Amino acid sequence: MLTFARICKVGCIETTMALKAPDILNYFQDRYPDVDLEFRSEMRNSLISEVMNYNLDAAFISAPINSKAISQIKVKEEQLVILTSSNSPKLEEMLANQPINIVVFGEGCIFRTRIESWLSSKGIIHYKSTVLNSIEGIVNFVESGIGISILPEEVVSNYYSGRKISTYGLNKEVGTMNTVLIYRNNESPSRALKAFIDMYL
């Protein structure tokens, strides 16, 4: 077994932090108990900046990213869905009766960007935003009928299947999200980071 003392600092978006990080941590710690994984949740652009500025060793972000200073490994393709309350009218009716309210994370969140793009594609440019900072909060607000949102289908089906929520599929352009693991390529990765990267090669 490889043993060395080192902290590997990894950034991720909110859904990865809340739902994937525990499994990642358990898997890694079983193999490298002397390495401490330190997770931090930020918005996509902040994560890229933190990696570039040596504040994070790596980060999970949504593709694409085009930078010669960054290496990336495709981790997963996810399908996004629109969420509404099961007690609300059908989505088409809601869109027809504007203004519509969206329940989202703050500016810079990939999910917020996608739902705003989706609304724009339907000619809807005026809407209200309720901003929250947790998945649980978003699900609670949607379920109560305050507004609609967008999240990965896997998140909804695996963790919130018993909630009073309806989901609607999206076209491939808006509804497909590719998650990549990024890290700097201008230096050799530490042994801890290399061990982490090797999990996804």
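Which side chain meets Glu-143 in a salt bridge? I looked it up in this predicted model. The partner is Arg-163, at 2.9 Å from N to O. I then checked where the two residues sit. Glu-143 belongs to helix α5 (residues 135-143), while Arg-163 is in the loop between α6 (153-159) and β8 (165-168). The pair links distant parts of the chain, 20 residues apart. I also noted the exposure of Arg-163: partly exposed, at 23% relative accessibility.

Next entry: the total. I find 8 salt bridges in the structure.

Next entry: Arg-40. Its side chain meets that of Glu-50 in a salt bridge, 2.4 Å from N to O. Arg-40 lies in strand β2 (residues 35-41) and Glu-50 in helix α2 (residues 44-52), so this pair ties together parts 10 residues apart in sequence. Buried or exposed? I checked both. Arg-40 has a relative accessible area of 25%, so I log Arg-40 as partly exposed. Glu-50 is at 18% relative accessibility and counts as buried, because the cut-off for buried is under 20%.

Next entry: a pair inside one helix. Asp-198 forms a salt bridge with Lys-194, and their closest N and O atoms are 3.2 Å apart. Both residues are in helix α8 (residues 191-198), 4 residues apart, so about one helical turn separates them. I read Asp-198 as partly exposed, at 36% relative accessibility. Lys-194 is also partly exposed, at 43%.

Technical notes
Residues are numbered from 1 along each chain as its sequence is written. This is a predicted model: local features need pLDDT of at least 70, side-chain atom pairs count only at pLDDT 80 or more; totals for chains, interfaces and linings use all residues. Side-chain values use heavy atoms; hydrogens and water are left out. A salt bridge is a side-chain nitrogen of Lys or Arg within 4 Å of a carboxyl oxygen of Asp or Glu. Helices (H or I, at least four residues) and strands (E, at least two) are DSSP runs, numbered from the N terminus. Buried means under 20% relative accessible area, exposed over 50%, partly exposed in between (1.4 Å probe, protein chains only).
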